[in-house]
Amino acid sequence: MKIICDIEVSNRLLPSQSMVGSRRAVKSTLGLGRLEGKSPDVFILHQTTQNKNGNKYKVCGNVEAVFTRFAAEGKATIRLRTPPHDLCIRSADPIQLNCFLRVLRNAISGQTDSKSGSSINNGKSDKLKGDNSAVNGKSNVKNRISVLSTSSKLLSSIKRTLKVTRPSEYPTNLRSLKTLEELQINGLSISRLDRQVTQLPLLRVLDLNDNCLTSLPKEISQLTHLRELRLAHNSLGEHISSTSSSRSSSSSLYSTDDRWDWIADKIVSSLLFLDLSHNKLKYVPETICRLKSLMTLKLDFNELTELPSGLGTLPNLRLLSVSSNSLHFLPGSLKKLHLEAIDISENPPLKTETVLPKFLWPETKSPASVLGIPTLVEIAARRVVQLGLHPTARDIPYNLVTYLSQVRFCICGRPCFESSLKILISMDPRSFAYSVIKSAGAQNPPTLAYLCSLSCLENTRTNPH
Ligand SMILES: [Zn+2]
């Protein structure tokens with residue numbers, strides 16, 4: 001087997017002779033195998049672009065120590081007796097390195113490992129064959145290894161999943177579990193997520209159900225592979241930001257709120273599943289509509305009176321579950337979706353006398369005067385949203401960031417701001433969802449539509465459903 005990594009070869013004799021060798025790590029290929037037809041011994045083969053033939057190091061009886069403490073970070077050191085070299089491995093893929101060290105350990109202890117049977121070529125047609133059968137019988141080899149880090153036990157099983165349901169099970173050095181793909185931390189009543197979680201580069205599933213989280217660290221947004229985020233039964237709706245209250249008026253539901261800052265960067269295109277049910281949420285910001293890959297969104301058992309108007313801009317959404325909230329209407333942009341199912345059960349019953357469509361502006365005003373002419377700021381802001389840009393206070397003045405956060409989405413899917421009309425219409429959820437779950441006897445909820453132009457109003461009047 002072989003791995004690609006950076007290797008610094010240090011000669012242990014040089015310092016004792018007051019000499020300093022080259023301290024430079026070089027891009028290398030490190031192989032492990034046997035010279036075909038020449039010797040039954042297993043060798044480590046170290047090749048670089050400068051030395052394509054490579055240096056061979058005998059394994060049996062020649063490996064003095066293997067330092068594997070930082071193997072999970074792609075680093076390890078192999079100490080050889082003859083020549084007195086330390087092979088300092090860096091920047092290796094942790095999974096590949098773990099496999100390599102496991103095969104090396106087997107070779108040292110004289111075990112056969114059929115999985116190591118890959119052959120490598122040192123460029124001079126000297127075939128190295130990974131058939132370890134002849135290494136048997138060297139039972140005393142293991143005793144000669146003076147230092148073998150205890151963490152090498154980890155090598156026997158690469159940890160991909162971890163379930164923590166008791167405080168005693170919580171690992172002290174979580175960040176070292178670099179190979180973790182699924183992490184479950186349930187029922188621990190944690191109110192802040194350990195930032196070490198954000199340093200697990202391969203994490204795909206993060207299940208934090210049943211805790212007391214009031215916010216998530218922004219660094220979650222850097223988890224490139226995170227597909228599933230489970231946050232049910234937490235307290236995300238109870239968070240009172242120390243800064244947001246001073247930044248925004250208390251009545252503005254959509255003011256910038258740092259508790260949703262984690263919806264940014266990498267996670268925006270990776271997340272497929274998000275469960276925010278049972279969180280006492282009073283609102284969900286339009287920011288959530290940045291999660292363009294999202295297929296399942298669960299918001300059940302919260303205190304929502306309104307959903308983000310831009311939910312219909314999530315092109316991949318297939319399941320939307322908003323049962324047991326206080327929703328009086330659904331967002332009009334849902335019309336653009338093709339859901340497999342929507343659950344709107346256990347929301348307030350509707351007053352049957354509601355007459356739809358209902359224009360939500362003073363009767364004395366004409367639609368054209370309510371719309372007015374969009375300001376230059378609004379025209380620019382619409383364009384910024386359409387281009388999918390998300391400037392922060394580092395890029396533009398803070399009042400413009402706040403302005404952008406107040407975006408609404410028209411029934412046509414386009415963004416709008418003050419120059420918009422609000423209208424309640426009747427829309428059968430079956431027009432956008434294959435399966436509709438609602439309370440027995442409940443009528444279709446009205447739809448709150450924002451309209452960006454007179455032509456969108458005209459379309460709604462002529463084609464209300
Ligand atoms: Zn429109």
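Me: Which residue of β7 stands opposite D6?

Reply: In this predicted model, the residue of β7 opposite D6 is R90. As a general idea, the strands of a sheet pair through backbone hydrogen bonds, in either a parallel or an antiparallel manner. Here β1 and strand β7 (residues 85–90) run antiparallel and are joined by six bridges.

Me: How many bridges join β1 to strand β2?

Reply: Strand β1 (residues 2–11) is joined to strand β2 (residues 26–34) by six bridges, and these two run antiparallel. Within this pairing, I3 stands opposite L30 of β2.

Me: What is the strand order in the open sheet of four strands?

Reply: The order is β18-β25-β23-β20, and the pairing is mixed. Strands β18 (330–331) and β20 (358–359) are at the edges with a single partner strand each, so one side of each has no neighbour in the sheet. Strand β20 runs antiparallel to β23 (residues 421–426), and two bridges join them. K358, for instance, has L424 as its bridge partner in β23. Helix α8 (residues 454–462) packs on the sheet and touches both β23 and β25 (446–451). The direction of α8 makes about 150° with that of β25.

Me: Which residues of the largest nonpolar core touch the most other members?

Reply: A nonpolar core is read as a set of buried nonpolar residues joined to one another. The largest one here has 72 residues, of which L32, V59, I89, F100 and L104 touch the most other members. Several elements supply at least two residues each, among them β1, β2, β3 (42–48), β7 and β12 (182–185). Helix α2 gives the most, with seven residues.

Me: Why does this core lie between domain 1 and domain 2?

Reply: Residues of the core come from both domain 1 (2–156) and domain 2 (161–352 + 428–443), and therefore the core lies between them. There is also a second, separate core of 22 residues, which includes V385, V407, C416 and C452.

Me: What is the mean pLDDT of the protein chain?

Reply: The mean is 81, and 81% of the residues reach 70 or more. Two stretches call for caution. Over residues 112–156 the pLDDT is below 50, although this stretch has 99 contacts in the model beyond near neighbours in sequence. Over residues 241–255 the pLDDT is also below 50, and this stretch has 23 such contacts.

How values were computed
Residues numbered from 1 in each chain as written. Predicted model: local features only at pLDDT ≥ 70, side-chain atom pairs only at ≥ 80, totals over all residues. Pairing = 2+ DSSP bridges. Contact = placed C-beta atoms within 7 Å. Axes fitted to C-alpha atoms, helices over the stretch in contact; angles between N-to-C directions. Core = buried A, V, L, I, M, F, W, Y, C linked by C-beta atoms within 7 Å. Buried ≥ 20, exposed ≤ 12 C-beta atoms within 10 Å, placed from the backbone. Domains from an automatic or database assignment. pLDDT = per-residue confidence, 0-100.
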